Amino acid sequence: MKKKIIAIVLAAGEGKRMGSGIPKQYMIIKSRPMVYHSLKAFQESQVDEIVLVTGEDEIEYCRQYIVERYHFTKVTQIVAGGRERYESVYFGLKAITDADYVLIHDGARPMINQKIIADSISGIEKYGACVVGVPAKDTIKVIDENEFAKETPSRKSLWIVQTPQSFEYKLVLDAYEKLINSGDETATDDAMVVEKYSGHKVKLIMGSYDNIKITTPEDVRISKAFFRTRKVFHYLHIIHDRIIWFQMKLYLLKKK
């Protein structure tokens, strides 16, 4: 029996560090609101449904100007988020009535692609819990309360965690229920919640260095550059494929 897969896209943050005057998830990137790109990726994927979590005052805006305008038919619910990310995730999970797997993604990561989504789904099927990320390229320092370096962990054991973070639905829902009931407010990502409140190990799978989270104006410029690069490579692939096709046609003609 086919497993039901739901994506939760989080777009409830205020984006104060952006300094744009509007929530960052609605800033325009490549002529579309930022959250559009994440929704489009999941719309075109194996995912069955999408739950969009946004600010309570922005639900109608999202429905009319994003979901309906761009025909995101897989968005079945738009729900209000909470003050913190973990609350928004919990509200998204509670809105789901039937699912086997869930992928939790930050709407501020517009560079997500089909390979990342497909690998995440394969990861849930194999491990029950997985998170995309990339190995750290830079040396990381642990500092003390006075901001002096006190430890330098080996880069071999350090990954930069991204989203989507993907789980068996009941596993992550139960973990979040325990988190909410405990009053713990220290959770910064979903893997941390599952690790702490279920004891289930979370597998790290390779994401992409392009899959950045947009937090500051510098990130917006970087993401636009990535989108331009993707477009260039897209056309290069088309040209390459046509060259190969013509080479094959010439080869077959010579054979005759």
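**Close-up views**

**The place of H71 is in the loop between α2 (59-68) and β5 (75-80).** What you're looking at is a predicted model, where local features need pLDDT of at least 70, side-chain atom pairs count only at pLDDT 80 or more, and totals for chains, interfaces and linings use all residues. Residues are numbered from 1 along each chain as its sequence is written, and side-chain values use heavy atoms, with hydrogens and water left out. Helices (H or I, at least four residues) and strands (E, at least two) are DSSP runs, numbered from the N terminus. H71 isn't a glycine, yet its phi is positive, near 55°. Is H71 buried or exposed? With a relative accessible area of 60%, H71 is exposed. For the cut-offs, buried means under 20% relative accessible area, exposed means over 50%, and partly exposed is in between (1.4 Å probe, protein chains only).

**E147 is another non-glycine residue with a positive phi, about 65°.** Look for E147 in the loop between β8 (142-143) and β9 (149-151). E147 counts as exposed because its relative accessibility is 67%.

**A cis peptide bond runs from T163 to P164.** Omega for this bond is near 15°. P164 is part of strand β10, which covers residues 159-168.

**Helix α1 (residues 34-43) is largely enclosed by the rest of the structure, because nine of its ten residues are buried.** Which residues of α1 are buried? They are M34, V35, Y36, H37, S38, L39, A41, F42 and Q43.

**Helices α3 (residues 85-95) and α5 (residues 169-182) pack with their axes 10 Å apart.** The angle here is about 130°. Axes are lines fitted to C-alpha atoms, for helices over the stretch in contact, and angles run from 0 to 180 degrees between N-to-C directions. That angle makes α3 oblique to α5. As for the words, under 35 degrees is roughly parallel, over 145 roughly antiparallel, 65 to 115 roughly perpendicular, and the rest oblique. The α3 and α5 crossing is left-handed, meaning that the near helix is turned anticlockwise from the far one by less than a right angle (clockwise would be right-handed). On the α3 side, the contact (heavy atoms within 4.5 Å) is made by R85, Y86, V89, Y90, L93 and K94. On the α5 side, you'll find Y169, V172, L173, Y176, E177, L179 and I180. Sorted by class, this contact of α3 with α5 has ten nonpolar, no polar and three charged residues. Nonpolar covers Ala, Val, Leu, Ile, Met, Phe, Trp, Tyr, Cys and Pro; charged covers Asp, Glu, Lys and Arg; the others, Gly among them, are polar.

**Helices α5 and α6 cross at roughly 80°.** Their axes come within 8 Å, and the angle makes α5 roughly perpendicular to α6. From α5, the residues L171, V172, A175, Y176, K178, L179 and S182 meet D190, V193, V194, Y197 and S198 of α6. The contact of α5 with α6 divides into eight nonpolar, two polar and two charged residues.

**A191 sits in helix α6 (residues 190-198).** A191 counts as buried because its relative accessibility is 5%. Which residues touch A191, leaving aside neighbours within four places in sequence? A191 is in contact with V131, Q165, F167 and V202. A191 and A129 are 62 residues apart along the chain, with 8.0 Å separating their C-alpha atoms.

**S88 belongs to helix α3.** At 5% relative accessibility, S88 counts as buried. Setting aside its neighbours within four places in sequence, S88 is in contact with L10, A12, V53, G81 and G82.

**Six aromatic pairs turn up in a search of the whole structure.** One of them is a tilted pair formed by Y70 and F72, 6.2 Å centre to centre and 45° between the planes. Rings of Phe, Tyr and Trp (its six-membered ring) pair if their centres lie within 6.5 Å; planes under 30 degrees apart count as stacked, over 60 as edge-to-face, and the rest as tilted. Both Y70 and F72 are buried. Y90 and F91 also form a tilted pair, 6.2 Å centre to centre with 45° between the planes. Y90 is buried, with a relative accessible area of 12%, whereas F91 counts as partly exposed at 36% relative accessibility. Y26, Y61 and Y65 form one aromatic cluster.
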